[in-house]
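Open the model in your viewer and keep the selection panel at hand. The tour below goes from one selection to the next and says what is there.

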Amino acid sequence: MLTDRQIELVQTTFADVEPIADQAAALFYGRLFELAPGVRSLFADDMTEQGRKLMDTLGVAASGLTDLEALVPVVQGLGERHAGYGALPEHFPVVGEALLWTLGQGLGEAFTDEAEAAWTAAYGLLSEVMVASVETATT
């Protein structure tokens with residue numbers, strides 16, 4: 001479970017990333033494909049729209065952390081859709097690594113150890129829900 005402080009940190013730092021959303025998305029996917037080149041084939045050639053979807057989803061997730069009961073079904077649906085795209089449970093740790101790296105790049109000194117821990121906890125919680133949905137959808 002996330003603390004109120006962790007939720008606040010995720011939400012405030014995401015608000016700081018929103019003005020550079022396009023650049024952050026490009027950084028994220030560049031890093032993801034560097035870390036896991038095999039996942040590139042799961043995506044369309046034009047990553048602009050995909051980047052917008054990523055940032056929209058992160059925004060929904062960040063704001064939804066204050067109401068996990070409502071957020072969890074949304075995240076479960078996201079996991080099911082990702083299973084249909086070919087996402088596998090082993091993809092999620094590298095996505096988390098790319099996300100944290102991107103936040104560090106985009107936020108600079110504002111991405112404190114405390115903020116990183118908050119994002120790590122939030123991503124861990126939400127990716128656990130998504131992985132369970134991926135596993136259910138692929139069995």
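This is a predicted model: local features need pLDDT of at least 70, side-chain atom pairs count only at pLDDT 80 or more; totals for chains, interfaces and linings use all residues.

At what angle do H4 and H6 pack, and how far apart are their axes? H4 and H6 pack at an angle of about 45 degrees, and their axes are 7 Å apart. An angle of that value makes H4 oblique to H6. The crossing of H4 and H6 is right-handed.

Now show the side chains where the two helices meet. On H4, select Leu68, Leu71, Val72, Val75, Gln76, Leu78, Gly79, Glu80, His82 and Ala83. Their partners on H6 are Leu125, Leu126, Val129, Met130, Ser133, Val134 and Ala137. Coloured by type, the residues of the contact of H4 with H6 come out as twelve nonpolar, four polar and one charged.

H1 and H6 pack at an angle of about 100 degrees, with 8 Å between their axes. Angles from 65 to 115 degrees count as roughly perpendicular, and H1 and H6 are therefore roughly perpendicular to each other. From H1, the contact takes in Arg5, Gln6, Leu9, Val10, Thr13 and Phe14. From H6, Glu114, Ala115, Ala117, Ala118, Trp119, Ala121 and Ala122 take part. By type, the residues of the contact of H1 with H6 are nine nonpolar, two polar and two charged.

Next, select the largest nonpolar core. Which of its residues touch the most other members? The core has 43 residues, and Leu32, Met55, Leu65 and Trp119 are the ones that touch the most other members. At least two residues of this core come from each of H1 (4-17), H2 (21-35), H3 (47-64), H4 (68-85), H5 (91-107) and H6 (113-137). H6 gives the most to this core, nine residues.

Centre the view on Leu32. Neighbours within four places in sequence aside, Leu32 is in contact with Val39, Phe43, Val94, Val95 and Ala98.

The last stop is Asp56, which lies in helix H3. Is Asp56 buried or exposed? Asp56 has a relative accessible area of 56%; the cut-off for exposed is over 50%, so Asp56 counts as exposed. To finish, select Glu18 together with Asp56 and draw a line between their C-alpha atoms. These two residues are 38 residues apart along the chain, and their C-alpha atoms are separated by 9.4 Å.

Technical notes. Residues are numbered from 1 along each chain as its sequence is written. Side-chain values use heavy atoms; hydrogens and water are left out. A nonpolar core is a set of buried Ala, Val, Leu, Ile, Met, Phe, Trp, Tyr and Cys residues joined through side-chain atoms within 4.5 Å. Buried means under 20% relative accessible area, exposed over 50%, partly exposed in between (1.4 Å probe, protein chains only). Helices (H or I, at least four residues) and strands (E, at least two) are DSSP runs, numbered from the N terminus. Contact means heavy atoms within 4.5 Å. Axes are lines fitted to C-alpha atoms, for helices over the stretch in contact, and angles run from 0 to 180 degrees between N-to-C directions. Angles under 35 degrees count as roughly parallel, over 145 as roughly antiparallel, 65 to 115 as roughly perpendicular and the rest as oblique. Ala, Val, Leu, Ile, Met, Phe, Trp, Tyr, Cys and Pro count as nonpolar, Asp, Glu, Lys and Arg as charged, and the others, Gly among them, as polar. A crossing is left-handed if the near helix is turned anticlockwise from the far one by less than a right angle, and right-handed if clockwise.
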